[in-house]
Amino acid sequence: VPWGNLDQLEDTPADLWGTGDSSGKGINDRVAETAANRLASSLALIRVNRPVLHVLDGGFNEVKREVRAIFKYRGVTYNLKVTDPIYVASYLSRDDGQYRLGDCYMTVSLAEPFLGFCYKVVAAILEPGGAPEVVR
C-alpha cells in the first residue's frame with residue numbers, strides 16, 4: 001500500500017486497550033488476561049507523531065537487549081516493546097540510546113498471555129521512506 005493511502009486503513013481507537021497498567025520497563029504496556037479475553041480486537045494500525053525508539057539492555061540480570069517504542073497516542077504516553085524484526089535487527093546493531101523517528105504508522109498488537117497479562121507490542125513500523133537498512 002502506498003504511503004499516501006495508509007490513512008484509509010488507519011484505526012482510531014479511543015486508547016490502546018485501556019491505560020494505567022504498566023510493567024517494570026513499560027508504560028501502559030499490558031492488559032490483564034481476564035480483561036483481554038473480553039476485547040473485540042487485538043490489533044490496530046495507528047498513526048504516531050515522532051516516536052522514540054529506545055535501545056537498552058533487558059535489565060533484571062538479562063543479557064538480551066531490546067528495542068522499545070515511546071510515543072503518545074491521543075495524549076497518553078506508551079512505552080511498548082518492538083517486535084518488528086526489521087526494526088529490531090536494525091536498531092540492535094546500534095549503540096544503546098534513544099533514536100527519534102519521523103511521523104509513521106505502527107501496527108500495535110496484544111501478545112499471547114504471559115503470567116496473567118497480555119502485553120502490548122509494536123508489531124510493525126511503517127515510515128514514508130521505508131524500513132531502515134539492517135547493518136550486520
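This is a predicted model: local features need pLDDT of at least 70, side-chain atom pairs count only at pLDDT 80 or more; totals for chains, interfaces and linings use all residues.
Within the protein chain, residues 24 or more positions apart account for 70% of the contacts with a separation of 6 or more.

The secondary structure of the chain consists of two helices and eight strands. Followed along the sequence, these elements are arranged in the pattern β-α-β-β-β-β-α-β-β-β. The radius of gyration is 15 Å, close to the 14 Å that the globule rule gives for 136 residues, so the chain is as compact as a globular protein of that length. Along the principal axes, the C-alpha trace spans about 45 × 40 × 25 Å. Of the 136 residues, 38% count as buried.

The interior may be considered next. In soluble globular proteins, nonpolar side chains tend to be buried together. The largest nonpolar core of this model contains 27 residues, and among these Phe 71 and Met 106 touch the most other members. Several elements give two or more residues each to this core: the strands S2 (43-48), S3 (52-59), S4 (62-73), S5 (76-82), S7 (104-110) and S8 (117-126), together with helix H2 (85-92).

Which residues are in contact with Met 106, leaving aside its neighbours within four places in sequence? They are Ala 44, Leu 45, Ile 46, Val 48, Pro 51, Ala 69, Phe 71, Val 122, Ala 124 and Ile 125.

Helix H2 has four buried residues, namely Tyr 87, Val 88, Ser 90 and Tyr 91. At the start of this helix, a side-chain oxygen of Asp 84 comes to within 3.0 Å of the backbone nitrogen of Ile 86.

Ser 109 lies in strand S7. Is Ser 109 buried or exposed? Its relative accessible area is 15%, and a residue counts as buried under 20%, so Ser 109 is buried. The side chain of Ser 109 reaches the backbone oxygen of Ser 42 at a distance of 3.3 Å. When residues up to four places away in sequence are not counted, Ser 109 touches Trp 17, Ser 42, Leu 43, Tyr 119, Lys 120, Val 121 and Ala 123.

A disulfide is a covalent bond between the sulfur atoms of two cysteines. How many disulfides does a search of the whole structure find? The search finds zero.

Charged residues form a further part of the picture. Side chains of opposite charge can pair when their charged atoms come close. The structure holds five salt bridges. In one of them, Arg 30 pairs with Asp 21, and the closest N and O atoms are 2.9 Å apart. Asp 21 has a relative accessibility of 24% and therefore counts as partly exposed.

Arg 68 takes part in a salt bridge with Asp 29, the closest N and O atoms being 3.3 Å apart. This pair links distant parts of the chain, since Arg 68 is in strand S4 whereas Asp 29 is in the segment before strand S1 (30-32), 39 residues apart. Arg 68 also forms a salt bridge with Glu 66, with 3.1 Å between the closest N and O atoms. Together with Lys 25, the residues Asp 29, Glu 66 and Arg 68 are linked in a network of salt bridges.

Two loops complete the tour. Arg 50 is found in the loop between S2 and S3, and it has a positive phi of about 50 degrees although it is not a glycine. With a relative accessible area of 47%, Arg 50 is partly exposed. Arg 74 is found in the loop between S4 and S5. Arg 74 likewise has a positive phi, of about 55 degrees, and is not a glycine. Its relative accessible area is 54%, so Arg 74 counts as exposed.

Note on methods. Residues are numbered from 1 along each chain as its sequence is written. Side-chain values use heavy atoms; hydrogens and water are left out. A nonpolar core is a set of buried Ala, Val, Leu, Ile, Met, Phe, Trp, Tyr and Cys residues joined through side-chain atoms within 4.5 Å. Buried means under 20% relative accessible area, exposed over 50%, partly exposed in between (1.4 Å probe, protein chains only). Contact means heavy atoms within 4.5 Å. A polar contact is a pair of N or O atoms within 3.5 Å; within protein, one must be able to donate a hydrogen and the other to accept it, and residues adjacent in sequence count only if both atoms are side-chain atoms. A disulfide is a pair of cysteine sulfur atoms within 2.5 Å. A salt bridge is a side-chain nitrogen of Lys or Arg within 4 Å of a carboxyl oxygen of Asp or Glu. The radius of gyration is taken over C-alpha atoms; the globule rule is 2.2 Å times the number of residues to the power 0.38.
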